[in-house]
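Let's read a protein fold together, one feature at a time.

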Amino acid sequence: MTSQFRQPIAQISVEVLEQRLHNESVSALQLIDVREPEEVAIAAIAGFEVLPLSQFASWADTILVRFDTNVETLVMCHHGIRSAQMCQWLQQQGFTNVKNIAGGIDAYSLAVNPAIPRY
């Protein structure tokens with residue numbers, strides 16, 4: 001996975017994410033969390049598929065089978081760096097509507113749901 005950003009990455013705020021999670025059909029969104037399993041065990045949002053970046057080799061070949069490249073895909077990590085890398089990679093795989101969740105789960109905990117633990 002490259003860390004060079006060739007295309008701008010669209011972002012979505014945690015506040016808009018919260019609205020979308022409650023107001024739209026779940027099938028209208030693909031939700032990916034790229035944090036490690038031990039991070040997800042501490043803090044998580046229901047509905048996200050966990051694809052840890054450290055395990056990239058184990059899931060990369062199945063990404064086009066598991067997800068639709070034309071469905072809006074929202075990607076989350078702890079603060080937004082790893083998810084931005086994932087968004088760039090997804091775009092390189094042909095995904096047409098990818099957004100990075102700005103600030104990640106930490107921002108979500110601060111701004112939307114303080115019941116989600118911070119770490």
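Q: Where do I start, and in what order do the elements of the protein chain run?

A: Start with the secondary structure, keeping in mind that this is a predicted model. The protein chain has six helices and five strands. Read from the N terminus, the order is β-α-β-α-β-α-α-β-α-β-α. The radius of gyration is 13 Å, close to the 14 Å that the globule rule gives for 119 residues, so the chain is as compact as a globular protein of that length. Along the principal axes, its C-alpha atoms fill a box of roughly 35 × 30 × 25 Å.

Q: What percentage of the contacts links residues 24 or more positions apart?

A: Here we look at sequence separation. Among contacts with a separation of 6 or more, 70% join residues 24 or more positions apart.

Q: Which residues of helix 1 are buried?

A: For a helix, list the buried residues and then look down the axis. In helix 1 (residues 14-23), they are Val 14, Leu 17 and Arg 20. Down that axis they fall within an arc of 115 degrees, so they line one face of the helix. His 22 and Asn 23, on the other side, are exposed.

Q: What covers the buried residues of helix 1?

A: Look for contacting elements. The cover includes strand 1 (10-12), strand 4 (73-76), strand 5 (98-101) and helix 6 (104-111).

Technical notes:
Residues numbered from 1 in each chain as written. Predicted model: local features only at pLDDT ≥ 70, side-chain atom pairs only at ≥ 80, totals over all residues. Heavy atoms only, no water. Helix = DSSP H or I, 4+ residues; strand = E, 2+ residues; numbered from the N terminus. Rg over C-alpha atoms; globule rule 2.2 N^0.38 Å. Contact = heavy atoms within 4.5 Å. Buried < 20%, exposed > 50% of the residue type's maximum accessible area, 1.4 Å probe, protein only. Arc of directions from axis to C-beta.
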